[in-house]
Amino acid sequence: MTPGPWYDHNPYGTRQVIGTVRALMRTDGLDVSLTAIARGCGTSRNFLYANWRSASALRLLALKAELAHAFGTADRTHPSDGTVRGITGHLVQVARVVRRHPTTASVARSSPAALARAHTAVDGPLVRAAIDLISDLLHPLAPHGGLWSDPALHSRAWKILWVARPAALCPEAVGDQDREEALDRALTGLLDDLLAPWDSARQPPAPDSQAPPR
């Protein structure tokens, strides 16, 4: 990989700070402190506080970055072709990446109550970030106007997040092939059902107006 520009390694740069938080969270989960972040970046608590106010704000930015990374990883390995089948495969892979991510496991160890709340959270910046990423995938299913032109499809983004979280936030299944495959199959079935109205492969062919009467 080609090295990034010099400012990517600036200890005071946003990218470097968030990268440090992401690395720390992979072992310490939500227990990462402002002091630990400052030490890891080679900067000071005062600098971090002046720019981000709290460790929790930095942890949130790091989790958003990890979520975007999960979608990016899925796009490389299981890219969506804009069909229901392609979108489903992409989302199942996203859930698998999140489930297997070291940060998911470390949060489960350090803050089990927080992980439990994440299963049922109805709002919040991380929920909204996930819905935005899912919505981007659904746009091709409404070719004339996109997601906003189809209220029913627009509502599916939230429903997809609701059914995907149990499969994604289940680090205890990692390493158990049968259990992981069961989670993937269950999520695939639920996504297929949610998106069935937009699956052109399932739609009956349009009647041929030129066909002769029988």
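Here are some friendly notes on this structure, which is a predicted model.

1. **Overall make-up.** Starting with the fold, the protein has 10 helices and zero strands. Read from the N terminus, the order of elements is α-α-α-α-α-α-α-α-α-α.

2. **Burial and surface.** The chain holds 214 residues, and 40% of them count as buried.

3. **Contacts along the chain.** If you take the contacts between residues at least 6 apart in sequence, 66% of them join residues at least 24 apart.

4. **Ser-135.** This residue is worth a look in your viewer. Ser-135 sits in helix α8, which covers residues 125-138. Is Ser-135 buried or exposed? Its relative accessible area is 11%, and because buried means under 20%, Ser-135 counts as buried.

5. **What surrounds Ser-135.** A polar atom of the Ser-135 side chain lies 2.7 Å from the backbone oxygen of Ile-131. Leaving aside residues up to four places away in sequence, Ser-135 touches Leu-147 and Ala-157.

6. **Aromatic pairs: Phe-47 and Trp-52.** How many aromatic pairs does a search of the whole structure find? The search finds two. One of them joins Phe-47 and Trp-52, with 6.0 Å from centre to centre and 80° between the planes, an edge-to-face arrangement. Phe-47 and Trp-52 are both buried.

7. **Aromatic pairs: Trp-158 and Trp-162.** In this pair the ring centres are 5.6 Å apart and the planes meet at 45°. Why is the pair called tilted? Planes under 30 degrees apart would count as stacked and those over 60 as edge-to-face, so the 45° between Trp-158 and Trp-162 makes the pair tilted.

8. **Where the two tryptophans sit.** Both belong to helix α9, residues 151-168. Trp-158 and Trp-162 are four residues apart in that helix, so about one helical turn separates them.

9. **Exposure of the tryptophans.** Trp-158 has a relative accessibility of 29% and counts as partly exposed. Trp-162, with a relative accessible area of 38%, is also partly exposed. Both labels follow because partly exposed covers the range between the 20% limit for buried and the 50% limit for exposed. To put the two pairs side by side: Phe-47 and Trp-52 are buried, whereas Trp-158 is partly exposed and Trp-162 is partly exposed.

Technical notes
Residues are numbered from 1 along each chain as its sequence is written. This is a predicted model: local features need pLDDT of at least 70, side-chain atom pairs count only at pLDDT 80 or more; totals for chains, interfaces and linings use all residues. Side-chain values use heavy atoms; hydrogens and water are left out. Buried means under 20% relative accessible area, exposed over 50%, partly exposed in between (1.4 Å probe, protein chains only). Contact means heavy atoms within 4.5 Å. A polar contact is a pair of N or O atoms within 3.5 Å; within protein, one must be able to donate a hydrogen and the other to accept it, and residues adjacent in sequence count only if both atoms are side-chain atoms. Rings of Phe, Tyr and Trp (its six-membered ring) pair if their centres lie within 6.5 Å; planes under 30 degrees apart count as stacked, over 60 as edge-to-face and the rest as tilted.
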